[in-house]
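Have the sequence and the model open side by side for this one.

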Amino acid sequence: MGGGIGLFVVVVVVGGLYFLPSFVAAMREHHNAGAIFALNLLLGWTALGWIVCLVWAVTQVNPKTAPATSASKPPSLEPAAVRCPNCGEWMPGNAIRCLACREWVRR
Ligand SMILES: [Zn+2]
């Protein structure tokens, strides 16, 4: 049954082409890779849906927000919390006004 191998190759090639947009999205670590895959799966059989998926996959990848700076914590977030001289509540070291008592902090 040599036809079995041929059919297998056709399925792999067609399947690979069919899910090319999802593959591209995954490789580019697209933030909408999941949505692209869903659209690819549901509308990929329509030429338009497939093209939309592919275009979507190769465009508008948002710059990574968290992972890029996850290793080193952003220094602006908590430069050593300090206590409010007025009410004693903890507040960010860079705060100029206490959130608890609304007192302006002079430095
Ligand atoms: Zn305070």
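Helices (H or I, at least four residues) and strands (E, at least two) are DSSP runs, numbered from the N terminus.

Before going further, a word on what you're looking at. This is a predicted model, in which local features need pLDDT of at least 70 and side-chain atom pairs count only at pLDDT 80 or more, while totals for chains, interfaces and linings use all residues. Residues are numbered from 1 along each chain as its sequence is written.

H3 covers residues 33–43, and its buried residues are Ala33, Ile36, Phe37, Leu39 and Asn40. They cover an arc of only 165° around the axis, which puts them on the same side of H3; the arc is that of the directions from the helix axis to the C-beta atoms. The general rule behind such spacing is that an α-helix has 3.6 residues a turn, so residues three or four places apart point the same way.

What lies over that buried side? The cover includes helix H2 (20–27) and helix H4 (47–58).

Asparagine 40 is in helix H3 and counts as buried because 26 other C-beta atoms lie within 10 Å. Leaving aside neighbours within four places in sequence, asparagine 40 is in contact with Phe19, Pro21, Ser22 and Cys53, where contact takes C-beta atoms, placed from the backbone, within 7 Å. For proline 21, 19 residues away along the chain, the C-alpha atom is separated from that of asparagine 40 by 6.9 Å.

**How the helices pack**

Two packed helices are described by the angle between their axes and the distance between the axes. The axes here are lines fitted to C-alpha atoms, for helices over the stretch in contact, and angles run from 0 to 180 degrees between N-to-C directions.

H2 and H3 pack at about 175°, their axes 9 Å apart. That makes H2 roughly antiparallel to H3; the label goes to angles over 145 degrees, with those under 35 counting as roughly parallel, 65 to 115 as roughly perpendicular and the rest as oblique. On the H2 side of the contact you'll find Pro21, Ser22, Ala25 and Ala26, and they meet Ala33, Ile36, Phe37 and Asn40 in H3. Sorted by class, this contact has 6 nonpolar, 2 polar and no charged residues. In that sorting, Ala, Val, Leu, Ile, Met, Phe, Trp, Tyr, Cys and Pro count as nonpolar, Asp, Glu, Lys and Arg as charged, and the others, Gly among them, as polar.

H2 meets H4 too, at an angle of about 10° with the axes 8 Å apart, and the two are therefore roughly parallel to each other. Leu20, Pro21, Val24 and Ala25 in H2 meet Trp50, Cys53, Leu54, Ala57 and Val58 in H4. By class, the contact of H2 with H4 has 9 nonpolar, no polar and no charged residues.

Within H2, the buried residues are Pro21, Ser22 and Ala25. They cover an arc of only 100°, which puts them on the same side of H2. These buried residues pack against H3 and H4.

**The core, and the rest of the chain**

Which residues make up the largest nonpolar core? There are 7: Ala25, Ala33, Ile36, Phe37, Leu39, Cys53 and Ala57. Such a core is a set of buried Ala, Val, Leu, Ile, Met, Phe, Trp, Tyr and Cys residues joined through C-beta atoms within 7 Å. H3 gives the largest share of this core, 4 residues. As for alanine 57, not counting residues up to four places away in sequence, it touches Pro21, Val24, Ala25, Arg28, His30 and Ile36.

Between H2 and H3 there is a loop, and glutamate 29 is in it. Phi of glutamate 29 is near 50°, a positive value in a residue other than glycine. With 10 C-beta neighbours inside 10 Å, glutamate 29 counts as exposed. Arginine 102, in the segment after strand S2 (90–91), also has a positive phi, near 65°.

Finally, step back to the whole chain. It has 5 helices and 2 strands, in the order α-α-α-α-α-β-β. Of its 107 residues, 12% count as buried.

Note on methods. Buried ≥ 20, exposed ≤ 12 C-beta atoms within 10 Å, placed from the backbone. Contact = placed C-beta atoms within 7 Å.
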